[in-house]
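I open this notebook to record what I looked up in the structure. The entries follow the order in which I made them.

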2 protein chains.
Amino acid sequence: MRKINPVDFTLATRGTSREINRQIALTLIRTHQPVSRADLARLMETNRANVTLLINELLQEGLVREGAQASQKVRGRKPTFLYINSQKSVAVAIDVRASRTFLMITDAMGKQVGDIVSFPTKFDPQEFVTELGIQVRKALLDKVGSAECDDIGLVIPGMLDRKTGFVLHAPTLRWRNVNLLEPLSKEFKGTDIHLENSGKACALSQIWSTRGDGLVLTDIVYVSVSDGVGVGVVMNGELVRGKHNTAGEFGHVPLSIDGPQCSCGANGCWEAYISNPATLSRYFGRDIAARQPQSVDVAEFTIEDLIARARSNDSKALTALHSTARYLGLGLASIINSVDPSQIYIGGELTEGWDLIEAEVRAAIKERALTKDLGEVPIRIVPAIEHPRLRGAVALVTARTFAAPKVA
Amino acid sequence: MRKINPVDFTLATRGTSREINRQIALTLIRTHQPVSRADLARLMETNRANVTLLINELLQEGLVREGAQASQKVRGRKPTFLYINSQKSVAVAIDVRASRTFLMITDAMGKQVGDIVSFPTKFDPQEFVTELGIQVRKALLDKVGSAECDDIGLVIPGMLDRKTGFVLHAPTLRWRNVNLLEPLSKEFKGTDIHLENSGKACALSQIWSTRGDGLVLTDIVYVSVSDGVGVGVVMNGELVRGKHNTAGEFGHVPLSIDGPQCSCGANGCWEAYISNPATLSRYFGRDIAARQPQSVDVAEFTIEDLIARARSNDSKALTALHSTARYLGLGLASIINSVDPSQIYIGGELTEGWDLIEAEVRAAIKERALTKDLGEVPIRIVPAIEHPRLRGAVALVTARTFAAPKVA
DNA sequence: CATAATTTGTTAAAACCCCTAACAAAATAG
DNA sequence: CTATTTTGTTAGGGGTTTTAACAAATTATG
């Protein structure tokens with residue numbers, strides 16, 4: 001039950017029905033492929049005639065392709081299978097982080113092409129874009145034989161204004177009010193560029209992922225625990241961006257307003273309890289607020305090292321992790337009580353020690369969850385190997401081609 | 001950019017375009033009335049022919065009526081004005097509270113008919129429904145001359161399952177797992193009954209209200225401070241309900257996990273700092289957790305009394321209010337950081353002393369808001385005289401008739 | 001005051017789309 | 001080989017937007 005916006009609506013025209021059904025057909029081919037026209041007609045609960053017309057249009061546009069005829073055991077004419085034409089376009093997914101920038105080439109379906117490449121992130125925005133241009137073109141030539149691509153999805157760990165393409169604030173990159181879209185558009189002429197905060201993009205990628213095709217969730221939360229804490233929320237099948245595209249900053253909701261100081265200036269933010277630096281500080285007995293600005297090139301003791309020590313019976317390490325686990329759970333309870341999601345996804349280095357902390361996390365959640373149901377929200381760990389942020393960057397692109405048309 | 005749900009979508013049929021444009025026309029008549037067909041054609045950026053056809057249908061259904069011809073100063077044929085036919089149906093809005101139950105008769109536009117009546121709330125669900133039936137029919141006979149109504153919108157201060165119509169937990173009513181929909185359906189045969197949590201309904205009513213017709217907000221938060229703290233969130237023009245319809249419980253997000261005990265059992269919930277009992281306890285120096293179960297019929301010292309004392313230079317009262325103001329702002333900051341709304345609405349008895357606390361609230365918000373924009377979110381006070389919960393109950397009904405059709 | 005100009009609202013026909021029904025194509029069962 | 005079944009296409013009916021033309025109604029103007 002959405003309200004129609006009386007100053008920004010979309011009238012239905014002669015082509016609207018076609019547009020809607022076209023996207024539904026695309027969605028169903030994407031989630032059910034390989035699939036025949038007759039199958040689609042059954043899935044869509046319409047007639048084959050309608051499907052034929054829809055598919056002819058999609059074939060002509062090159063969005064869909066026909067495959068080999070299937071052999072089935074029942075009698076009757078063999079169906080011709082349909083697939084999303086993944087050769088239709090080439091996209092580049094880019095994950096910008098403080099240490100390195102990662103990139104990956106994908107086809108129109110968002111399937112990875114070739115391996116992931118990475119390079120050190122340059123902190124000067126202009127230099128960064130120039131370097132990115134070189135690396136992207138090199139990767140494209142390597143993997144698809146042409147330096148051209150149709151779409152770029154880029155995620156950064158920070159807040160940004162999607163209308164202007166400005167990075168408002170990315171603490172770890174030390175970017176503030178940086179116009180990123182303009183130089184990118186100049187560097188990559190003729191390609192559509194989609195920017196998003198990495199936490200939001202990760203949340204997007206989870207509702208757009210096609211694994212476990214039966215399961216369809218429209219209300220989920222993605223929590224990324226790393227140097228900071230990023231959160232993305234999807235409600236009613238749509239990413240929650242808020243008025244300034246800064247929604248989802250649960251990382252700065254306090255556990256205790258008198259708690260340790262956070263990098264944002266306030267006290268007792270969730271992030272100040274559970275970020276990797278917070279956990280490490282707890283282990284070393286340091287004051288979190290007093291920590292030096294991180295030097296990127298110096299190999300430091302990492303959270304992975306801490307987890308390793310905890311596994312080899314370093315009781316101090318395990319205690320530090322358990323503290324983090326408890327605070328993680330208490331903060332998750334706030335998210336759960338306020339958002340009531342169907343599922344929570346957790347990413348970040350911390351998840352490699354999930355078996356050590358799961359019980360603590362769950363106990364803390366139940367301690368504050370308002371109802372039994374809320375206390376039992378399923379939590380799925382997203383391992384680093386799945387490259388969730390790159391998947392998020394991909395989702396920025398795929399969402400465009402498969403999303404529901406704007407109507408009413 | 002909403003994802004199409006591949007297991008629950010709505011195909012466009014022959015009538016879909018009409019359905020969409022019909023609702024758009026209704027919405028525009030509602031927000032711009034009185035309005036002519038020619039005006040509508042301009043607003044909708046379509047031709048007058050299309051509007052004529054749409055309106056003819058709406059006239060026949062009785063949803064729209066023609067008014068007098070307007071005299072305008074330009075030359076040309078006089079336009080005939082169109083209006084929403086508010087006599088089309090009768091609705092009853094019901095606000096159930098621990099002390100009393102309020103009800104109001106409205107027309108199809110949601111306009112109040114007659115005055116608001118109230119009666120003591122019976123705590124036994126069956127008795128409550130029986131009493132409600134008597135009162136509603138009496139009010140209907142009084143105000144519209146017939147005991148029949150088309151829709152009932154009912155809000156309660158608690159969590160409920162909208163699918164089954166069960167009240168999961170309404171602390172102040174002492175209802176737990178009460179089947180409310182079934183006895184209501186029996187009592188009011190042939191009328192559509194819409195139940196909702198009062199905080200959510202209040203949020204709904206704010207996006208559906210037509211005052212200040214230019215202003216259209218799609219991301220708002222309603223915070224109700226009373227015996228407890230209720231919050232409703234609207235994102236992307238749609239109410240956020242979550243998986244179990246329990247989303248929005250920001251009242252139980254902690255300010256300090258070691259803070260005072262809350263009625264929910266956890267410690268340091270926002271509600272435990274800013275609810276009316278919390279403020280009163282602070283004034284009397286009582287421990288909040290130790291307070292006796294409230295006896296309803298005993299006239300107690302209320303928050304209004306406290307505000308009155310603060311106005312007459314009772315410094316202790318003012319201090320208590322200022323503390324509440326600060327905690328209110330700190331909690332609002334959490335909501336602002338996580339939701340990034342265009343506007344926040346605050347209702348409840350506390351708002352009668354808003355002039356005394358506004359500065360403190362704003363300062364506390366800015367203290368924790370992540371960006372300058374977020375610190376400056378507009379806040380609008382909803383005075384009790386507007387009867388926000390009854391307005392919310394009305395919105396449950398009006399939203400149905402004017403909402404965008406489900407498509408794709 | 002007659003006529004031109006302008007605006008509103010309606011009607012007829014064209015274009016587009018879904019939907020039913022019939023049919024051709026292609027495969028299996030008997 | 002024939003009947004049966006399934007797939008995919010084509011033709012026509014009905015609903016909807018859209019264009020174009022027109023009647024109705026009012027004001028401006030010479």
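The entries below concern a predicted model.

**Entry on DNA strand C**
By class, I noted twelve polar, ten charged and eight nonpolar residues near DNA strand C.

**Entry on chains A and B**
I turned to the contact between the two chains, which takes 71 residues from chain A and 70 residues from chain B. On the side of chain A that touches chain B, at least two residues each come from H1, helix H6 (198-208), helix H10 (315-339), helix H11 (354-368) and helix H12 (372-375) of chain A. H1(A) gives the largest share of that side, nine residues. I recorded its classes as 37 nonpolar, 22 polar and twelve charged residues.

**Entry on the domains of chain A**
I consulted the domain assignment of chain A, which gives domain 1 (16-84), domain 2 (90-204 + 391-402) and domain 3 (209-384). The C-alpha centres of domain 2 and domain 3 of chain A are 25 Å apart. Their contact takes 17 residues from domain 2 of chain A and 18 residues from domain 3 of chain A. On the domain 2 side, strand S8 (159-161) and H6 of chain A each supply at least two residues, and H6(A) gives the most, with seven residues. I noted that this side divides into nine nonpolar, five polar and three charged residues.

How values were computed. Residues are numbered from 1 along each chain as its sequence is written. Chains are lettered from A and ligands numbered from 1 in the order in which they are written. This is a predicted model: local features need pLDDT of at least 70, side-chain atom pairs count only at pLDDT 80 or more; totals for chains, interfaces and linings use all residues. Ala, Val, Leu, Ile, Met, Phe, Trp, Tyr, Cys and Pro count as nonpolar, Asp, Glu, Lys and Arg as charged, and the others, Gly among them, as polar. Two residues are in contact if their C-beta atoms, placed from the backbone, lie within 7 Å. Helices (H or I, at least four residues) and strands (E, at least two) are DSSP runs, numbered from the N terminus. Domain bounds come from an automatic or database domain assignment.
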